[in-house]
Amino acid sequence: PYSSFDALPAFINKSTFSAVHVKGSVPLLRGQIVLSSNCSIDGTEDSELLLSPNSSIVVQNARLSVANVIITKQSEKDADEDEKSSVFQVRHGVLELDGVEVSALFAKNGTVIDAENSVVTLQKSAITSSARSYSSAVASVGSKISVTASRIATTAETAVNFSAQGGIFELRKSG
């Protein structure tokens with residue numbers, strides 16, 4: 001019943017579990033979109049979530065499952081991103097991407113998935129990340145990271161596909 005994503009975070013955070021079905025291109029709010037309740041986002045027919053330059057999805061003490069969606073974030077070319085810029089921030093939560101294509105073009109620095117004490121699962125998905133100075137696909141601290149049948153590519157002066165400090169890291173049938 002929603003024609004934009006603006007009202008959804010408040011609705012999702014009031015529920016125990018929410019299922020969101022996406023069709024077409026959906027622009028997301030500016031700033032952080034905090035999800036503190038369990039949610040699944042399923043796409044149909046080339047569905048796309050468009051993040052604005054200053055936006056990111058924060059999964060906090062919750063589970064977010066995303067399937068069959070293209071997620072795109074493009075920063076403004078002249079932006080000076082000395083702060084940590086990301087697509088997903090996962091704090092004591094779970095992020096599952098299945099059949100998802102994530103494309104992030106950061107101005108100066110950026111990390112697609114930034115996880116802390118969390119679980120991140122990528123299956124049959126792809127991450128492409130680019131920045132001028134520093135670009136990372138997945139950065140984690142004390143987290144369990146599982147990547148299966150997925151493609152990861154980063155470009156920058158310093159390009160890091162995966163960075164894991166503590167926790168468990170598993171990579172299978174991926175490139």
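**Entry 1. Terms and model.** I call a residue buried under 20% relative accessible area, exposed over 50% and partly exposed in between, using a 1.4 Å probe and protein chains only. The model is predicted, so I take local features only at pLDDT of at least 70 and side-chain atom pairs only at pLDDT 80 or more, while totals for chains, interfaces and linings use all residues. Residues are numbered from 1 along each chain as its sequence is written, and side-chain values use heavy atoms, with hydrogens and water left out.

**Entry 2. Salt bridges.** I count a salt bridge where a side-chain nitrogen of Lys or Arg lies within 4 Å of a carboxyl oxygen of Asp or Glu. The count comes to 5 salt bridges. I take helices (H or I, at least four residues) and strands (E, at least two) as DSSP runs, numbered from the N terminus.

One of the pairs is Glu96 with Arg63, whose closest N and O atoms are 2.5 Å apart. Glu96 belongs to strand S8 (residues 94-98) and Arg63 to strand S5 (residues 63-67), so this bridge ties together parts that are 33 residues apart in sequence. Glu96 is partly exposed at 26% relative accessibility, and Arg63 is partly exposed at 38%.

Next I looked at Arg91 and Asp114, which form a salt bridge at 3.2 Å, N to O. Here strand S7 (residues 86-91) holds Arg91 and strand S10 (residues 109-116) holds Asp114, and the two residues are 23 apart in the chain. Arg91 and Asp114 are both buried.

I also noted Glu170 with Arg172, bridged at 3.0 Å, N to O. Glu170 has a relative accessible area of 27% and is therefore partly exposed; Arg172, at 47%, is partly exposed as well.

Entry 3. On a 1 Å grid over the protein atoms alone, I take a cavity as a set of points where a 1.4 Å probe fits but cannot get out, with lining residues having an atom within 4 Å of a point. Grid points are joined across faces, edges and corners, and the volume is the space filled by probe spheres set on the points.

I find 1 cavity of 30 Å³ or more, and the largest cavity holds about 30 Å³. Its lining consists of Phe5, Leu28, Ile33, Leu35, Ile41, Leu49 and Ile57. Strands S2 (32-35) and S3 (38-51) each supply at least two of the lining residues. What classes line the largest cavity? The lining has 7 nonpolar, no polar and no charged residues. For this I count Ala, Val, Leu, Ile, Met, Phe, Trp, Tyr, Cys and Pro as nonpolar, Asp, Glu, Lys and Arg as charged, and the others, Gly among them, as polar.

**Entry 4. Core.** A nonpolar core is a set of buried Ala, Val, Leu, Ile, Met, Phe, Trp, Tyr and Cys residues joined through side-chain atoms within 4.5 Å. The largest has 41 residues, of which Ile41, Leu64, Ile71 and Ile113 touch the most other members. S3 gives the most to this core, with 4 residues.

I use contact for heavy atoms within 4.5 Å. Beyond four places in sequence, Ile41 has contacts that include Phe5, Val20, Leu49, Leu64 and Val69.

**Entry 5. Leu95.** Leu95 lies in strand S8 and is buried at 0% relative accessibility. Leaving out residues up to four places away, Leu95 touches Leu64, Phe88, Val90, Ile113, Val119, Val120 and Thr121.

Conventions. On a 1 Å grid over the protein atoms alone, a cavity is a set of points where a 1.4 Å probe fits but cannot get out, and a pocket is an open set with protein on both sides within 12 Å along at least five of seven lines; lining residues have an atom within 4 Å of a point.
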